[in-house]
Amino acid sequence: MEETNSFEQETQPQQLKTLCVLTFIYSGMVIFFALMGMLFARNIFSALEENYDTITANFSEKQLEQVKKFMEMGSGKFIIICGVYLLIVGLSAFGAGQMWQKKYNGFVMYVAANACFLISNLISFNIFMAVIDGLFIYLYYKNTRALKRG
């Protein structure tokens, strides 16, 4: 038997595989915690309210302000925020899945989702995560030549 290696049978670059796997791992963890946040939001808020003094006993003023803002948000708004976050992370993971299958549309989906995170991180001055978002978008962009358009 003769094996043929044609251009069409070319596998995806190793860097693209690595990026996709990292995206799947990160997205999976975030999706899990967002779902847990949605499912247990009421329990979290009631436990925080009941044990406020014990939980915040050793907190600084800044931490106390953050806890108060969190509690003012309420479980309903927290569930909505987790849901929106879940949708955006899901779009990012789905885009990575499409790129795993060598589809260029996956790159577009990934960039759309992660541009939201990039902008959010820049607005909140979370420079480390903004750099990570920008780096992943750039690294995926470098691998777009291996993706099929259309």
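1. Let's start with tyrosine 85. In this predicted model, tyrosine 85 is partly exposed, with a relative accessible area of 33%. That value falls in the partly exposed class because buried means under 20% and exposed means over 50%. Keep this residue in view, as it comes back in the next points.

2. Which residue forms an aromatic pair with tyrosine 85? The partner is phenylalanine 117, and the two rings are edge-to-face, with 5.3 Å centre to centre and 65° between the planes. The pair links distant parts of the chain, since tyrosine 85 belongs to helix α4 and phenylalanine 117 to helix α5, 32 residues apart. Phenylalanine 117 has a relative accessible area of 13% and is therefore buried, whereas tyrosine 85 is partly exposed.

3. Where does the lining come from? Helices α1 (14-39), α4 (61-100), α5 (104-123) and α6 (127-142) are the elements that give two or more residues to the lining of the largest pocket. The largest share, eight residues, comes from α4. By class, the lining has 15 nonpolar, eight polar and one charged residues.

4. Now for the other aromatic rings. A search of the whole structure finds nine aromatic pairs. One of them joins phenylalanine 45 and phenylalanine 70, and it is stacked, at 4.6 Å centre to centre with 15° between the planes. This pair also links distant parts of the chain: phenylalanine 45 is in helix α2 (residues 41-50) and phenylalanine 70 is in helix α4, 25 residues apart.

5. Are phenylalanine 45 and phenylalanine 70 buried or partly exposed? Phenylalanine 45 has 10% relative accessibility, so it counts as buried. Phenylalanine 70, with a relative accessible area of 22%, is partly exposed, because the limit for buried is under 20%. Ring pairs also bring in Phe78, linking Phe45, Phe70 and Phe78 into a cluster.

6. The charged end of arginine 149 sits over the ring of tyrosine 104, at 4.0 Å from the ring's centre.

Key: Residues are numbered from 1 along each chain as its sequence is written. This is a predicted model: local features need pLDDT of at least 70, side-chain atom pairs count only at pLDDT 80 or more; totals for chains, interfaces and linings use all residues. Side-chain values use heavy atoms; hydrogens and water are left out. Helices (H or I, at least four residues) and strands (E, at least two) are DSSP runs, numbered from the N terminus. Ala, Val, Leu, Ile, Met, Phe, Trp, Tyr, Cys and Pro count as nonpolar, Asp, Glu, Lys and Arg as charged, and the others, Gly among them, as polar. Rings of Phe, Tyr and Trp (its six-membered ring) pair if their centres lie within 6.5 Å; planes under 30 degrees apart count as stacked, over 60 as edge-to-face and the rest as tilted. Buried means under 20% relative accessible area, exposed over 50%, partly exposed in between (1.4 Å probe, protein chains only). A charge sits over a ring if NZ of Lys or CZ of Arg is within 6 Å of the ring centre and within 35 degrees of the ring normal.
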